[in-house]
Amino acid sequence: MRKISTKLILLLIAASLVPLLTYGTLSLMTSRKTASNLASERNMKVAQRAAEEISLYLDNNMRILKSIAATISRTPLQPRQIKAILRNTILEFKEYQIIHLIDPNGKVIVSSSIKSNFIAPTDESFREALEKKIPYRSQVFITDELIPTISLGFPMTKMDKLDGMILGVVNLLDVWRIVSQIKIGKHGNALILSNTRRLLAHGDPSFLPIIIERKVVDFHPLAGDVLKGQSVSGVYKTNDGLEMLSVGVPLPRMSWALIIDQPLQEAFVEARSMTRRLGAFTVVFTLITCLVGFIGGRRYVIQPINKLIEITRAFARGALEERVEISTKDEFGELGQSFNSMASDLEKLEEKVKRKEREATLGLIAGGLVHDLKHPIKNIENMTNLLDEMFEKQKYRERFKTTVLRELATINRYFDDLADIATTKPIQCIPVNLIEYLNQCFDQFQTAAASQGIGLIREIPDEALIVSADTHALNRVFNNIVNNALDAMAEGGTLKVSVRRLSEGWEGKPDQMAEVAIKDTGPGITPEIKEKVFEGFVSSKSKGLGLGLSIAKKLTEAHGGHLNIQSFQGEGTTCIITLPLLIS
Amino acid sequence: MKRPCALLIISLTVGVLNGCWTSNQTHSPANNRPLIIGAFNKPSVINPILSTSGISSFFLVDIIFDGLIRLDENMIARPSLAESWEVSEDGLVWTFHMRHGVTFHDGSPLTAEDVKFTLDLIGNPIYTNPYSHILSSIKTIEVLDKHTIEFTLRHPFQSLPRYLYFGILPEQNYEGQDLRSTHLNRQPVGTGPYQLDHWVDNGLVMKANDNYFLGKPRIQTILVKIFENRKAAWAKLISGKIDSTLLIESETINIIEQLSQLKLYNYINPYYYLIVFNNKKNLFREKEVRQALNYAIDKNWLIENIFDGKALAVNGLAYPGSSFEPRENLTYPYDPIKALHLLIQNGWSDMDGDGILDNSGQKFQFTIHLPAEGYYPEKMLFFVQQQLAELGIQTKIKASTLQELLTNHLRQKQFDAVLQDFVAVGDPDINYQFWSSSQINQGFNFYSYRNTKVDNLLEIGRSTLHRNDRIKIYRLFQREIFKDPPGIFLFWRYLNIVLPKSLRGVVIGPGAPFISIHQWYFEPEDGTTL
């Protein structure tokens with residue numbers, strides 16, 4: 001087997017290694033060029049996206065003016081109302097500082113501002129905008145508070161005649177923000193140039209003075225082409241002799257240029273790191289190929305065979321639920337599948353047997369319930385039958401109440417039993433004199449025993465044995481044990497209860513214990529049943545749940561005690577309960 | 001003669017230098033370069049009494065002159081030229097003992113006569129100045145000896161020392177001069193840490209006063225360069241050609257913050273903004289109506305959206321954090337429903353359906369005046385206008401010059417409402433002149449605000465001696481004035497000062513920005529601190 005897999009692995013490695021190494025070498029040779037192209041391309045993409053974002057920002061602001069223009073020209077409004085509209089707009093849109101309504105002659109009629117004496121722009125393009133009824137965009141102006149602003153105007157027309165213009169002063173802080181957020185590598189920055197070659201924004205704050213002073217800058221060789229509307233990229237040398245990889249895109253409708261400069265050195269840092277990465281990749285891939293070959297060989301050849309062997313062995317041991325896990329679709333897979341279907345058949349057979357067993361147990365429980373519940377229900381029935389005749393009698397009513405309540409409690413207890421077999425209820429202990437308690441308890445059994453012709457012998461001493469106990473729980477313990485014993489002596493016999501103090505420690509525990517032994521003279525139980533007698537649903541009787549001893553044991557243990565059974569066939573059974581004494 | 005707005009501006013001059021009395025530390029030999037400060041307007045008058053605006057009032061008079069006292073960061077009066085003082089039991093006679101050995105920049109010694117001389121100038125009606133109101137409380141000024149001066153008051157005035165922060169002029173130099181036109185306004189002589197050395201084309205050169213009584217300043221030279229406009233100065237600041245422009249508007253902060261060579265210091269400007277009503281007018285007669293207008297404004301929205309979070313809603317009229325600040329929250333929450341409710345209860349509802357509330361024929365409309373020179377974001381006013389309009393209250397906003405506002409509107413009491421800032425420097429007794437009804441006819445209570453409880457509390461506060469009692473009284477006063485608001489309470493704003501990051505020893509606090517200037521020094525170039 002090993003030999004087959006080894007051969008297979010070597011074959012795999014050889015087949016994949018040769019083309020990989022060839023590809024790696026070729027890639028390394030071309031990577032440098034690719035990387036610089038990549039840097040340029042990526043910068044271009046960033047520039048385009050930023051340009052779009054900025055244009056969108058300005059377009060949106062223009063749209064606001066457009067909607068004001070529409071509102072104003074649609075409805076005849078008083079200046080006061082127009083002013084309110086302008087002011088509301090200013091409040092709603094943070095970037096707006098002032099909005100004016102300008103008449104066709106270029107005079108400010110209404111202004112949002114508190115101040116007065118505003119003069120409309122006088123530049124050429126504003127006049128042109130009025131004449132041609134087209135949107136107006138001013139040069140960028142920096143306020144005394146260092147806020148870059150632009151005036152945007154949207155014409156209002158009525159019957160195709162100019163009716164005025166809505167002129168808004170918008171702050172461009174968001175444009176600055178967009179530009180300063182573009183950081184490529186460590187020193188790659190974006191900048192915006194206006195058509196008058198003024199720097200409008202720069203990602204490097206040290207250029208702020210140039211922006212504020214609005215000097216005409218001529219440092220960018222790409223500016224000319226970009227301002228003509230072309231997207232270009234290239235390399236140029238700055239005044240400091242630094243080589244820059246530069247890309248530029250025009251901003252639609254604004255005649256601005258957005259340029260991203262990145263030192264060539266830095267752009268190539270990436271190229272170099274890419275070369276290194278490619279080399280590393282080739283090595284890593286070779287290793288991975290070898291590893292995959294090795295693992296694949298093991299996984300697809302050796303492991304399936306091993307698995308089949310293992311499962312066959314497990315089957316022999318009787319672990320029928322085991323399955324072969326071979327997910328491949330080759331011959332191993334087929335083999336595995338037929339093995340599994342065989343296993344499934346076997347397991348189904350096994351399951352049928354188990355189901356039968358379970359059904360029998362259920363029958364046992366049901367039978368036991370029916371029997372045990374019959375008595376309390378009968379009692380209630382009886383008392384109820386007397387209702388009509390005896391209702392007037394006080395004593396009857398009292399009996400009725402106590403009987404019905406008691407029997408309902410008994411029924412309840414049965415349900416509790418069923419639940420209890422799984423979980424133990426918390427018990428609530430109080431100090432109880434065990435002797436007194438047992439005397440009372442066995443007084444109650446006296447009649448039942450007598451009616452079955454069973455004698456009851458008590459060997460209960462006259463001293464006080466105080467235990468900490470839940471009398472309800474104890475009731476159930478002794479009920480269960482005594483009932484079992486009575487059931488076991490259907491032909492009559494003697495039930496002996498004896499109590500003593502175990503002054504020596506029990507199972508090495510120094511505490512003093514009380515021991516209650518209940519001995520019947522029934523047929524006794526077989527060793528097999530004795531073994532399972534505490535597991536529940538086991539009974540030598542034909543009736544009952546068989547839960548009694550199991551519950552009794554649990555409850556005794558919850559008191560810190562023990563329940564043991566001694567039994568010899570033909571000699572009867574003895575249940576021994578030990579409980580720790582509270583006061584020694 | 002009395003000009004509250006000017007007072008507001010001038011109080012910036014507050015000769016307040018505080019705190020650091022120890023001055024005898026070793027001087028750094030390293031990095032003795034000048035501190036270069038950019039200004040936007042030419043300081044035409046450098047005079048502690050007359051300078052009211054720009055760099056001369058905010059900076060120059062602060063560092064050239066000293067007052068009898070200085071206000072510390074909690075605005076408590078501390079010794080300056082006066083070493084100690086005491087008051088007679090009846091609270092009427094104040095004796096100030098002056099520091100010995102203090103000299104003016106020209107070497108002549110400072111005496112009590114100079115103090116009397118300066119106070120006489122302040123009281124001279126031809127010199128409009130913000131300190132003259134102090135003299136209305138003073139009956140006589142008597143020079144007991146060279147270093148002791150005694151004031152006898154007309155009535156007990158517990159907070160008198162807190163007003164004596166104005167700079168002291170040397171009698172010898174200024175005597176016989178017309179203060180308004182003297183050449184000394186360009187060649188001032190004081191006792192402060194710096195003295196004017198000479199003027200240059202675009203500014204002035206300040207030299208350290210080696211004999212300064214708190215110790216020789218560590219920075220030898222301060223150059224003040226004057227630029228055409230703020231923008232130009234800021235461009236130089238950003239490119240590192242100058243060290244500071246001192247004050248920075250909040251819009252510019254975000255930009256300045258990006259620059260590694262600068263550091264911003266901010267504190268709450270001790271002025272609160274109020275839209276005060278003319279309480280005489282029918283519209284504002286009812287307390288509930290004035291309360292309603294307070295409930296109508298969403299101050300938190302304004303602070304977040306207009307002031308970028310750099311403002312604080314007015315809660316009480318005492319400086320935030322000072323001991324007179326009320327302990328409970330007095331601020332009116334934004335609750336337009338409650339506002340409407342109060343208005344309806346007082347008979348205001350829109351009966352004719354024109355969208356404006358009316359009450360027996362009168363419409364709820366009024367004009368808010370404001371000084372055009374004031375620095376208010378317009379959007380704040382538009383928002384107030386909008387919020388009032390939502391309740392059905394129509395407002396107009398009218399900007400006029402400070403002078404116009406004072407002479408035509410405030411003094412004549414011909415206005416509906418005015419947006420104004422009120423100084424909170426020093427003692428809460430300052431509220432007396434604005435809100436006591438005794439000041440309606442002859443004082444600064446242009447708003448005809450009248451509340452007997454407020455009157456009583458202000459009166460008691462004046463003559464109460466114990467500080468803890470006064471705190472209780474002024475807290476009661478603030479609770480009362482908020483319950484019966486004279487106007488719409490708005491905000492405190494932050495003030496920002498920019499200085500080079502390499503400058504050490506800087507302690508900047510409200511009303512006392514240049515308190516420690518004699519201890520400022522530049523960190524040596526190699527980065528080691530001393």
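B:Asp429 and B:Arg462 meet through their side chains in a salt bridge, with 3.0 Å from N to O. The pair links distant parts of the chain, 33 residues apart: B:Asp429 is in the loop between β18 (417-423) and α12 (431-435) of chain B, and B:Arg462 is in helix α13 (residues 452-463). Helices (H or I, at least four residues) and strands (E, at least two) are DSSP runs, numbered from the N terminus.

A word on the ground rules. This is a predicted model, in which local features need pLDDT of at least 70 and side-chain atom pairs count only at pLDDT 80 or more, while totals for chains, interfaces and linings use all residues. Residues are numbered from 1 along each chain as its sequence is written, chains are lettered from A and ligands numbered from 1 in the order in which they are written, and side-chain values use heavy atoms, with hydrogens and water left out.

## Salt bridges

Side chains of opposite charge can pair when their charged atoms come close. A salt bridge here is a side-chain nitrogen of Lys or Arg within 4 Å of a carboxyl oxygen of Asp or Glu. By this rule there are 26 salt bridges over all chains. Here are three of them:

| Pair | N to O distance |
|---|---|
| B:Asp429 and B:Arg462 | 3.0 Å |
| B:Lys116 and B:Asp120 | 3.4 Å |
| A:Asp144 and B:Arg230 | 3.6 Å |

How exposed are the partners? Buried means under 20% relative accessible area, exposed over 50%, and partly exposed in between (1.4 Å probe, protein chains only). B:Asp429 is buried because its relative accessible area is 2%, and B:Arg462 is buried at 13%.

B:Lys116 and B:Asp120 sit 4 residues apart in helix α3 (residues 112-123) of chain B, so about one helical turn separates them. B:Lys116 is partly exposed at 24%, and B:Asp120 is partly exposed at 42%.

A:Asp144 is partly exposed at 27%, whereas B:Arg230 is buried at 17%.

## Aromatic pairs

Rings of Phe, Tyr and Trp (its six-membered ring) pair if their centres lie within 6.5 Å; planes under 30 degrees apart count as stacked, over 60 as edge-to-face and the rest as tilted. The structure holds 39 aromatic pairs over all chains. One of them is the edge-to-face pair of A:Phe442 and A:Phe445, at 5.4 Å centre to centre with 70 degrees between the planes. Both residues lie in helix α11 (residues 434-451) of chain A, 3 residues apart, about one turn of the helix. A:Phe442 is buried at 0% relative accessible area, and A:Phe445 is buried at 7%.

In chain B, ring pairs link a cluster that includes B:Tyr272, B:Tyr319, B:Phe415 and B:Trp492. B:Tyr319 is buried at 9%, and B:Trp492 is buried at 1%.

## A charged patch on the surface

Which residues gather in a patch of negative charge on the surface? They are A:Glu310, A:Glu321, A:Glu322, A:Glu350 and A:Glu351. A:Glu321 is in the loop between α7 (264-317) and α8 (331-385) of chain A, and A:Glu321 is exposed because its relative accessible area is 52%. Patches are made of residues with over 30% relative accessible area and no salt bridge, with like charges joined within 9 Å and nonpolar side chains (Val, Leu, Ile, Met, Phe, Trp, Tyr) within 5 Å.

Notes
Accessible areas come from the Shrake-Rupley method with a 1.4 Å probe; for residues, only the protein chains shown count as cover. Lys and Arg count as positive and Asp and Glu as negative; His and the chain ends are not counted. The place of a charge is taken as NZ of Lys, CZ of Arg, CG of Asp or CD of Glu.
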